[in-house]
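Morning, everyone. Please look at the screen, and I'll walk you through one protein.

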Amino acid sequence: AREQRRANAWDSGAIVAWGNAADLDAAVARLSAASSARLVDRLHAAGLHGHLRAVRAYLLLGQGDFAHALLEAAAPELSKEPSQIHRHALLAVVDGALRATTGADVPGS
């Protein structure tokens, strides 16, 4: 039934007359709903929920492991004079913090 509704929204074949804003709004709403449903189905099939949980847990401080590792590793670099801090050194610090907190204990990863 769900697939049939989607097929009807995509294949409605409705022609919108020039200047008929109500028909255009209805057609756009139908196609938007159909494309949104397809996108959500594809994202669920790809396991997006598990990936988002991992991002929340580490990068958005859900568990704090990444933030802790980053602050610990960055402290010596950030205590230097500004002219002595180099971009490549900071990138190495971020890379090290990411590698130290791989997310191996996150379910679904």
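Read along the sequence, the pattern here is α-α-α-α-α. That is five helices and zero strands. Keep in mind that this is a predicted model. The protein has 109 residues, and 17% of them count as buried. Now take contacts between residues at least 6 apart in sequence: 50% of those join residues at least 24 apart.

Helix 5 covers residues 87-100, so to speak its own 14 residues. From first C-alpha to last, helix 5 reaches 20 Å, close to the 20 Å expected at 1.5 Å a residue.

Which residues of helix 5 are buried? They are Ala89, Val93 and Ala97. Seen down the axis of helix 5, these fall within an arc of 80°, so they line one face. Here is the background. An α-helix has 3.6 residues a turn, so residues three or four places apart point the same way.

Now turn to the face of helix 5 pointing away from the buried side. There you find the exposed residues Arg87, His88 and Arg99.

What covers the buried residues of helix 5? The cover includes helix 4, residues 65-78. The axes of helix 4 and helix 5 come within 8 Å and cross at roughly 155°. An angle over 145 degrees counts as roughly antiparallel, so that is how helix 4 runs relative to helix 5. The crossing is right-handed.

Last, the contacts. On the helix 4 side, they include Phe66, Ala69, Leu70 and Ala73. On the helix 5 side, Ala89, Val93 and Ala97 are among the partners. Those three are the buried residues of helix 5.

How values were computed:
Residues numbered from 1 in each chain as written. Predicted model: local features only at pLDDT ≥ 70, side-chain atom pairs only at ≥ 80, totals over all residues. Heavy atoms only, no water. Helix = DSSP H or I, 4+ residues; strand = E, 2+ residues; numbered from the N terminus. Expected span 1.5 Å × (residues − 1). Buried < 20%, exposed > 50% of the residue type's maximum accessible area, 1.4 Å probe, protein only. Arc of directions from axis to C-beta. Contact = heavy atoms within 4.5 Å. Axes fitted to C-alpha atoms, helices over the stretch in contact; angles between N-to-C directions. Parallel < 35°, antiparallel > 145°, perpendicular 65-115°, else oblique. Left-handed = near helix turned anticlockwise from the far one by under 90°.
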